[in-house]
Amino acid sequence: MSGFGTLLYKELLRFWKVAFQTVAAPVLTTLLYLLIFSHVMQGQARVYDAVPYSAFLVPGLVMMAVLQNAFANSSSSLIQSKITGNIIFMLLPPLSYWDFFAAYVLASVVRGVVVGVGVLLVSLGFVGLSFEHPLWIIAFAVAGSAILGTMGLIAGIWAEKFDQVAAFQGFVIMPLTFLSGVFYSIHSLPAFWQGLSRFNPFFYMIDGFRYGFFGVSDINPVLSLGIAGASLLLLTAVTLALLKRGYKLRH
Amino acid sequence: MTPAIQIRQVHKRFGAVQALAGIDLEVAPGEFFGLLGPNGAGKTTLINILAGLARADSGSVRIMGHDVIADYRESRRALGVVPQELVFDPFFSVRETLHLQSGYFGLRHNDAWIDEVMHHLDLTGKADANMRSLSGGMKRRVLVAQALVHKPPVIVLDEPTAGVDVELRQGLWEFVRGLNRDGHTIVLTTHYLEEAETLCARIAMLKQGRIVALDTTNNLVNRLDNLYLKLRIAGAALPAALAARVRDSHDPVHTLCLRSYAEVEGVLAQVREAGARIEELELLQPDLEDVFVQIMNREERREVGAEALLPSSRLAIPGSPQR
C-alpha cells in the first residue's frame, strides 16, 4: 500500500474500531431529534406545500449528522494524536502534506456518509421519503462532508488542547448547523434572519441536499453546489498552506 | 564517502531561547556515535531537526546525502528515530502498529521483516495485544521496532533506556550493537555516561546549543591524565597538607586527585607521617563522567568570565524546551 493508502486505512480503522461510539451513537441521537421535533412541530412549522414536516425534517437531520460527524472525525483524530504524541508516527515517514490532507479528509467523508446513510435508513422506518434526484443527494453529501472534514483538520491543527476543539465545535460548527435550515425553511423566517442565513455556507449544503429528495428548494441547487465547491476550494487552500508550513505540527 | 549525517551551521531559536547556536557535525557511516549533554542542551531539538519534526532557522542537515527539507522523502527513508517519550496509539495492537508504520513508508510485503523485528525484540508473544495493555518496557520495544520497519541505514535513539529495567537495557544494547555490526549507523543520547562510554566510539558533548567537546571516547577519557587515590584511614585525620588534593571526602574515606602514579608514594608517606594508618586503598582511573563534569564546569567558568567582560551579553539561557 502507498503511504497515503495506509494513512487513509488507519483513519478508517480508527473510527470503525469504535463504531458504537462513532456511528451508532450519532444515528440514535439523530433519530431522537426526528421523533421529538416531528411530534412537536408537525402542523406548526410552515415548509413546502406538498411536503409534510416530518419528511422535510429527515434530509436536514441526515445532512446535519453527515456534517457533524465529518468534522468530529478529522478534528478528534488529529487532536488525540497531537496530545498523546503519536502524531510523530505520521510525521517521521515520507508522507507529503497532500497525502496527509487527502487521507484525513477522505476518512471524514466516509465517516460522514456512513453515519448519514445509517440515519436515513433508520428514518425510512418512520417517514416516507421521495428520492427525486439521487445524484444531487450524493454530490451534496460528499461536498458537505469534505468541507467539514477540512474544517476539522484546521481545528485539529490549530488546537493544542481538547477543549479548544470542543470550543470550535460549540461556537462555530453548532451555530452554523442549527441556523442553516435543518429544522425549518428559511422562508418561514423574518426578512432579517432570512438575509443573514444566506451568508451561512451550511444553509446551501442543506438546501441543495434537500433538493435531491423533493425536487424543490429555496435556492437553485446549481448555485448551492457552486457555493459549496468554492468554500471547499478555499478551505483546502488554507489547510494545504498550513500543512506545507508545518504550522503547529513541525516546530 | 558520503557522511551518514552531515550538519552544517544549524541554528534554532524558540522565542527568546537559543536552542541551537551553530552546530557543525559529521557522523560517518557505520559509526556508533554518542550525543551527550545536560537537560536543555539541545540534543532532542537537534534530533527533531534531523527527523523533520522541527525545522532549523538556518543551516543545513543531510542524512545519507539527502537534504532533510528539499529531499525529505529520501532522507526520512534513510532515518529511523526512537523518540524519547513513550508514545503509542491506543487504537491498535502491536502488529497493527508495525504494519501501519511500514505502510507509511510505502512498503509492501514487509511481513517477514516485521516478524523478524518482533522476534528479536521479544514482542512476538504480544503481537496481537493492544498497545494500551503493554508495560512501559514493552512499549519502548515497540518504539524501537517502529523505527526499524523500513530498515533505515541511520538509527537515532533518544534516551532509549530512560526508566527501563536492567534486563531490558542489556537486551536492547545487545540488539543495537548487532545492528551496528550489520553496518547501521547509530546515534545515541543518554544520561547514563557508563553506557555511552562502553557503546560509543565517538562522542559529542552539547551545552546550551553548542558542541563543547567532540572526540573519540578514548581520547576524551584520556584527556584527564590524572588519577584518583581512594583511602580509608584510621588513627589520625588527613593531614592538612593534602587538603588541596581532596576531591571527595566522607571521613574516614577520602578520594584524592593525583597527577601521576609517581605521586602515590609521597602521598602515602605524608599520611603515615601524620600518624594515620591506611586500612583500605584503591586507585581509580577517571571515567567519562569525570570528563563530562569537567567539561561542563569549564564551560560554566568560561561563560561567567565572558559575562564579566561583557555585561550586556546574554550567554547563559537555562532551560531550553525539550521538544
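Into which domains is chain B divided? Chain B splits into domain 1 (5-221) and domain 2 (225-284), with bounds that come from an automatic or database domain assignment. The C-alpha centres of domain 1 of chain B and domain 2 of chain B sit 44 Å apart.

A quick word on ground rules. This is a predicted model, so local features need pLDDT of at least 70 and side-chain atom pairs count only at pLDDT 80 or more, while totals for chains, interfaces and linings use all residues. Residues are numbered from 1 along each chain as its sequence is written, and chains are lettered from A, with ligands numbered from 1, in the order in which they are written.

**Chain A**

Chain A has 10 helices and 0 strands; helices (H or I, at least four residues) and strands (E, at least two) are DSSP runs, numbered from the N terminus. Of its 251 residues, 47% count as buried. Here buried means 20 or more other C-beta atoms within 10 Å of the residue's own, exposed means 12 or fewer, and partly exposed is in between, with C-beta atoms placed from the backbone. The C-alpha atoms of chain A fill a box of roughly 55 × 35 × 35 Å along the principal axes.

**Where A meets B**

On chain A, 22 residues are in contact with 24 residues of chain B; contact means C-beta atoms, placed from the backbone, within 7 Å. Helix 1 of chain A gives the largest share of chain A's side, 6 residues.

**Helix 4 of chain B**

In helix 4 (residues 111-120) of chain B, Ile114(B), Val117(B) and Met118(B) are buried. Seen down the axis, the buried residues of helix 4 of chain B fall within an arc of 100 degrees, so they line one face of the helix; the arc is that of the directions from the helix axis to the C-beta atoms. They pack against helix 3 (94-104) and helix 5 (136-148) of chain B. The face turned away from that buried side carries the exposed Ala112(B), Glu116(B) and His119(B). Just after helix 4 of chain B, Asp122(B) takes a positive phi of about 60 degrees.

**Strand 11 of chain B**

Strands pair if DSSP finds at least two bridges between them. Here are the pairings of strand 11 (residues 227-234) of chain B with strand 13 and strand 14.

| Partner in chain B | Sense | Bridges |
|---|---|---|
| Strand 13 (residues 253-258) | antiparallel | 6 bridges |
| Strand 14 (residues 277-284) | antiparallel | 7 bridges |

Lys230(B) stands opposite Thr255(B) in strand 13 of chain B, and Ala234(B) stands opposite Arg277(B) in strand 14 of chain B.

Note on methods
Two residues are in contact if their C-beta atoms, placed from the backbone, lie within 7 Å.
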